[in-house]
Amino acid sequence: MPVCSFFLQGRCRYGDKCWNEHPRGGTRGGGYNDNRSSGQQQSRGGGGGFGNRVWVNPSQQKGAYIQPSSFSSHGSDDWGRGGGGSDWGRGGGGGRRDNLKSSEFSFSSQNKFSALGTSNTFDRGGRGGGSGGVSAGDEDDDKKLEIIQMDMDIWESSGQWGFSCYSSFKTPLSGFTDLSPEELRLEYYSTRASGDLQGYLNGVNQLLSQWKNRVQELKIMNPATRAALLAELNGAAPQASSVSFGSTTGSGFGSSMSSFGNKDFGAPAQARSFSFASSPGFGSSAAPSSSSSGFGNTLAAPTQPPSGFGGSSAPSSTSAASSFSFAAASTDKPAAASGFGSASGFSFSSTANAGGGFGATAGSSSAFGQTSGGFGATPAAAAGAGSAAEASDGLFSPESKLTQDELNQFKAKRFTLGQIPLKPPPANMLMV
Amino acid sequence: MSLFGTSSGFGTGGTGVFGSTTTDSHNPMKDVEVTSPPDDSISCLAFSPPTMPGNFLIGGSWANDVRCWEVQDNGQTVPKAQQMHTGPVLDACWSDDGSKVFTASCDKTAKMWDLNSNQAMQIAQHDGPIKAIHWIKAPNYSCIMTGSWDKTLKFWDTRSPNPMMSLQMPERCYCADVVYPMAVVATAERGLIVYQLENQPSEFRRIDSPLKHQHRCVAIFKDKQNKPTGFALGSIEGRVAIHYINPPNPAKDNFTFKCHRSNGTNTTTPQDIYAVNAISFHPVHGTLATVGSDGRFSFWDKDARTKLKTSEQLDQPITACCFNHNGNIFAYASSYDWSKGHEYYNPQKKNYIFLRNAAEELKPRNKKW
């Protein structure tokens, strides 16, 4: 058979029905198959942006080709045949999309991964994102958000590692913490050695629930989330959610980092250094809405007490105790998240815009270097404590500037979803 | 008959090497088991370079030790030596002459292990656990590169306690690979930086990650002229991206593929997606192997964009893999990778390292012209 010159250019209209030879491994220019059930480029179905790849309907496939995974209904075990690599596809398009029913998702919290039970569909928004053809600019914002929603479904149902950052259309989305399994494992080993496994468990559960909440939020996509997401995708507000665990036992992870100025790499002004808390004050803090009195021995983070958490962590890069905190970056001012000696606590803040289930804060903690006022006994002022004395404008709002609703929210035991104030609380409302 | 030579009946070699378990899913591929495996999860494997006769395998583990085995031609493995750190060992590599092994650990130090004298001395210090360690051999210098969770990449002359150079990274180092003159480091928050090592190491380019999720492993591949030309990047989301540094047509040449996912034929049940724990390129054929949390390994041909083989599922995740210098042996380690958290961690469960004849299975797919 003569070789199909259109196929070599990547534009054979007949695809598998072509009478000419389509050399496998030749130019993967991509023959578009018009019968693709997933439909057009831009629409859902993962077609978006796969301009240059071979999308051949697997049902028509004679097996001579590499089947792009997005459309293959066969599993990946097809290695016997030469072309059986059914997982290949550029940008990793998703599979055929059936009806997505959010109602089918449910999670229990017993085993953290049993929550990721089976539900329908999968793999659709799996765009690798790395392709020029993605043409994010062409798609509707709606489509983008849909893709995000679908990615969340897949993430939830697939049992994959939850403590991972996530990005869509080249923009990393806030609200996800990036933790490798090794870091978690090291934490476990350290706390096991020190005897305080409970701290680790609490820490992990905290992270897990934060992740679940965030995924739920993105799946449900209420208007507030939608707005926040679009802002992020279009490069506006830098946001990051934060979790911090303080530790007294000194199981530490690296020291904090400073902001990413570079958009490519993530929300700016995230600070993190990681360790799990060992304070018994944690016991009561499993729910994000517990009052900060649960942290008997913690000093409240002057930056943000979301729903009454006195967050504190004892970051110290030098001494053994180091802390993990990610704080939400406010658009104006980075503030120190915490710096406390022996106290340990959870401080949880997420972006106000996201309207997530956590307290809203505006402080960010990139300025770990800001030390002022002695917090904590240890020289762990490496993590710059923003002391109450430091209550500058960027950190807290004077009461006069807050509306009555906002004040009520701060006063309440827990924030009401959807009414979480966007401004930082007044300094005097922090429980210290 | 040499089991590790070229085309041997490898399948038959497994009779006496391990027990007579029949439906034993710890080794469904019936590969050779390495004797005296570590007591905790294996974090890294590396074979000796061609400058040394024979094949020696080192493996670092979460039991704080790094062990060395000699792999003989008949497939027998002989434990030779081991060294300890004070924290779990995360990475290890050989020097180019095969006389030294460098090990990196969570105890924030890296050590140089002289195999002849069986002495180890500390050569590097970081502020956080060291996740990646590689030996760099340049015409005008040689050094060790260490990437750590303290967000720095440091270069050490083994004779001096201070680093020759320290480069700041945007985030914690998750994995790295070095093929002179190129080095690639993948960090947290989807960071991806390429360094060029000629003269002295310097940052060459920061790359927008082609993947959406956390980076897990990276491996550099070479072109037909044996020059490094790109890398494969694996993530926790069952996906590997093949990325060329300077491709003629980036949109076409760079691509990603899905792997280590459960059977997705049934569209009504969601796929299980597993992390890709390690990627290794065959030194001769240029094909690659990936191992994942699903307990399988797969061989791929990136040029033909096909899958060559997927293994049966082991009962534990596969955490590390490597090829020996001539590509005849593929070693992979079966141990828990923490992908499901501490609840699934069973300290009593035995960890394995398997050796497989890789001469035939990794041949690139012939083009059907």
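This is a predicted model: local features need pLDDT of at least 70, side-chain atom pairs count only at pLDDT 80 or more; totals for chains, interfaces and linings use all residues.

Colleague: How many salt bridges over all chains?
Modeller: There are 23. A salt bridge here is a side-chain nitrogen of Lys or Arg within 4 Å of a carboxyl oxygen of Asp or Glu.

Colleague: What does A:Glu183 meet in a salt bridge?
Modeller: B:Arg172, at 2.7 Å, N to O. A:Glu183 lies in helix 3 of chain A and B:Arg172 in the loop between strand 13 and strand 14 of chain B, so the pair joins two chains. Helices (H or I, at least four residues) and strands (E, at least two) are DSSP runs, numbered from the N terminus.

Colleague: Is B:Arg172 buried or exposed?
Modeller: Buried, with a relative accessible area of 6%. A:Glu183 is buried too, at 0%. Buried means under 20% relative accessible area, exposed over 50%, partly exposed in between (1.4 Å probe, protein chains only).

Colleague: Which residues are linked in a network with B:Arg356?
Modeller: B:Asp31, B:Lys309 and B:Glu361. B:Arg356 and B:Glu361 meet at 2.7 Å, N to O. B:Arg356 is buried at 8%, while B:Glu361 is partly exposed at 24%.

Colleague: New topic. Where does UniProt list "repeat: WD"?
Modeller: The unreviewed entry lists residues 82–123, 123–166 and 276–310 of chain B. UniProt positions follow the numbering used here, feature names are shortened, and annotations may be inferred rather than shown by experiment.

Colleague: What is the strand content of 276–310?
Modeller: 60% strand, with 0% helix. Its end C-alpha atoms lie 14 Å apart.

Notes: Residues are numbered from 1 along each chain as its sequence is written. Chains are lettered from A and ligands numbered from 1 in the order in which they are written. Side-chain values use heavy atoms; hydrogens and water are left out.
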